[in-house]
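Work through the exercises below with the sequence and the 3D structure open. Try each task before reading its solution.

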Amino acid sequence: MAEEAGSLVTPPSRARGLAVELVVAVLGLTLLAWAAAADVHWLDRHVLPDFYIPRERQVLILTVLRGLVAALGLALILGVRPRAGRLLARTTLRRLVYDAAPISLAVVLSMVASEFLLSRLPWLATQEVPAPREPLRRRDPRLGWVFIPSRQGVGRLGGRDIAYAFDASGHRVRRLGDRVDPEQPTILFTGESVMVGHGLTWEESLPAQVEALTGVRSANLAVEGYATDQSYLRLRDEWPRYRRPVAVVALFMPALLRRTLDVDRPHLDADLTWRPPVKSLKLAEVARRAIPYRSERDIDRGVATSRAALADTVALARARGATPLILVPQLRPETPVEAALRRRVLDEAGLPYVVVRVDPGWLIPRNRHPDARASQAMAQAVAGYLAAQGAAKDSGNGVGPN
């Protein structure tokens with residue numbers, strides 16, 4: 001009888017075991033519920049298009065993740081739950097705390113150590129790159145980063161050595177020693193690596209080709225890794241220097257909208273008010289970069305900021321008699337999500353833009369940036385639009401706005 005009585009589980013122990021089973025079951029059901037809810041429509045609402053990851057690959061990644069999460073949920077409900085309940089029913093609360101304390105302490109200390117080490121490493125904003133990659137950049141307290149001025153560097157891409165030369169103001173130019181003259185009639189170009197001409201010679205870059213087609217000098221204000229708000233801010237800073245602006249060509253790609261949500265760099269809000277970088281725990285920042293989830297409120301903020309920046313770009317140009325244009329390259333077939341973002345940012349604000357659909361084969365090998373053929377197609381579209389607006393002489397082979 002003594003053995004039988006000793007083997008019985010006391011009511012408090014049984015209740016503790018049931019409570020643990022309930023907690024594990026709720027966790028498992030939560031995982032199953034997420035796996036069921038996280039379909040393509042969920043992806044469209046919470047994961048923005050990505051320049052480097054095609055949408056079909058994003059869907060594949062989500063499908064695999066849903067399967068793994070569902071399997072984990074079932075394992076918790078069917079396997080872990082009853083075992084955890086029996087274990088906790090036979091273990092006193094004091095013993096449980098005693099056994100869990102070393103593991104908990106180790107986890108906490110490892111997180112503290114990781115945060116300490118990460119906070120002392122050179123920390124780059126999401127779109128920054130390490131210094132050795134050409135074209136070189138330097139940090140800037142207002143814009144986040146800019147190209148190092150008055151230098152030339154050579155980077156290898158697509159099996160070619162590409163020279164990147166910059167004048168004293170950080171504009172990409174044909175060769176070191178050239179400079180953009182702000183006193184001359186000028187077409188200003190803003191944007192990021194596509195507009196810079198990443199992987200292309202200066203002659204192959206879009207601004208240089210538009211200059212050749214229109215006969216109007218170009219000023220390439222684009223900087224690699226820029227979001228729409230950074231491009232606008234650089235334009236606004238440079239704008240007063242240009243005495244005779246003929247046109248302003250900005251770039252917008254829905255696949256780059258996620259950059260506008262980055263707040264670990266100087267940034268603008270939807271009212272175009274400058275904000276300093278938001279400081280956060282480095283571990284939290286690592287998690288944020290690894291997980292592309294965005295709330296609908298965050299995406300709305302990115303849309304509003306991009307729309308405001310582009311609308312003011314258009315207003316700046318028109319106020320001085322320059323022709324504004326927003327270039328929308330489509331380097332692969334536009335997805336419904338990208339089309340919806342384009343309409344929200346551009347059409348709802350009534351902004352002037354041209355869509356240039358690029359042959360998917362016209363990309364730099366092992367890279368998603370447009371090659372010289374794609375750059376030429378975009379330049380012809382821009383030159384054709386400007387000619388139609390009377391901003392430049394007719395190029396003879398341009399195409400009108402979409």
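**Exercise 1. Which side chain of opposite charge is nearest to Arg-172, and how far away is it?**

Solution. 
Step 1. Arg-172 is buried, where buried means under 20% relative accessible area, exposed over 50% and partly exposed in between (1.4 Å probe, protein chains only). The model is predicted: local features need pLDDT of at least 70, side-chain atom pairs count only at pLDDT 80 or more, and totals for chains, interfaces and linings use all residues. Residues are numbered from 1 along each chain as its sequence is written, and side-chain values use heavy atoms, with hydrogens and water left out.
Step 2. Lys and Arg count as positive and Asp and Glu as negative, while His and the chain ends are not counted. The nearest side chain of opposite charge to Arg-172 is Glu-203, 6.9 Å away.
Step 3. A salt bridge needs a side-chain nitrogen of Lys or Arg within 4 Å of a carboxyl oxygen of Asp or Glu. Arg-172 has no salt bridge.
Step 4. Look at backbone oxygens instead. The side chain of Arg-172 reaches that of Ala-163 at 3.1 Å and that of Leu-200 at 2.8 Å.
Step 5. Place Arg-172 in the chain: it is found in strand S5 (residues 172-173). Helices (H or I, at least four residues) and strands (E, at least two) are DSSP runs, numbered from the N terminus.

**Exercise 2. How many residues of H8 are buried, and what do they pack against?**

Solution. 
Step 1. Of the 11 residues of H8, 9 are buried, so this helix is largely enclosed by the rest of the structure.
Step 2. Among the buried residues are Tyr-232, Leu-233 and Leu-235. Glu-238 is another, at 11% relative accessibility, and its side chain meets Arg-241 in a salt bridge (2.5 Å, N to O).
Step 3. The packing partners of the buried residues include strand S2 (144-147), strand S6 (185-189) and helix H10 (296-319).

**Exercise 3. Which strands pair with S11, and in what sense?**

Solution. 
Step 1. Two strands pair if DSSP finds at least two bridges between them. Strand S8 (residues 244-251) pairs with S11 in the parallel sense over 5 bridges, and Val-249 stands opposite Leu-325.
Step 2. Strand S12 (residues 353-357) also pairs with S11 in the parallel sense over 5 bridges. Here Tyr-353 is the bridge partner of Ile-326.
Step 3. Between S11 and S12 the chain passes through helix H11 (residues 336-347), in a right-handed β-α-β crossover. Right-handed means that, with the strands pointing away from the viewer, the path from the first strand over the helix to the second runs clockwise.
Step 4. In a regular strand the side chains alternate between the two faces of the sheet. Thr-323, Leu-325, Leu-327 and Pro-329 point one way from S11, while Pro-324, Ile-326, Val-328 and Gln-330 point the other way.
Step 5. In S11 (residues 323-330), 8 of the 8 residues are buried, so the strand is largely enclosed by the rest of the structure.

Conventions:
Polar contact = N/O pair within 3.5 Å; in protein donor to acceptor, adjacent residues only side chain to side chain. Contact = heavy atoms within 4.5 Å.
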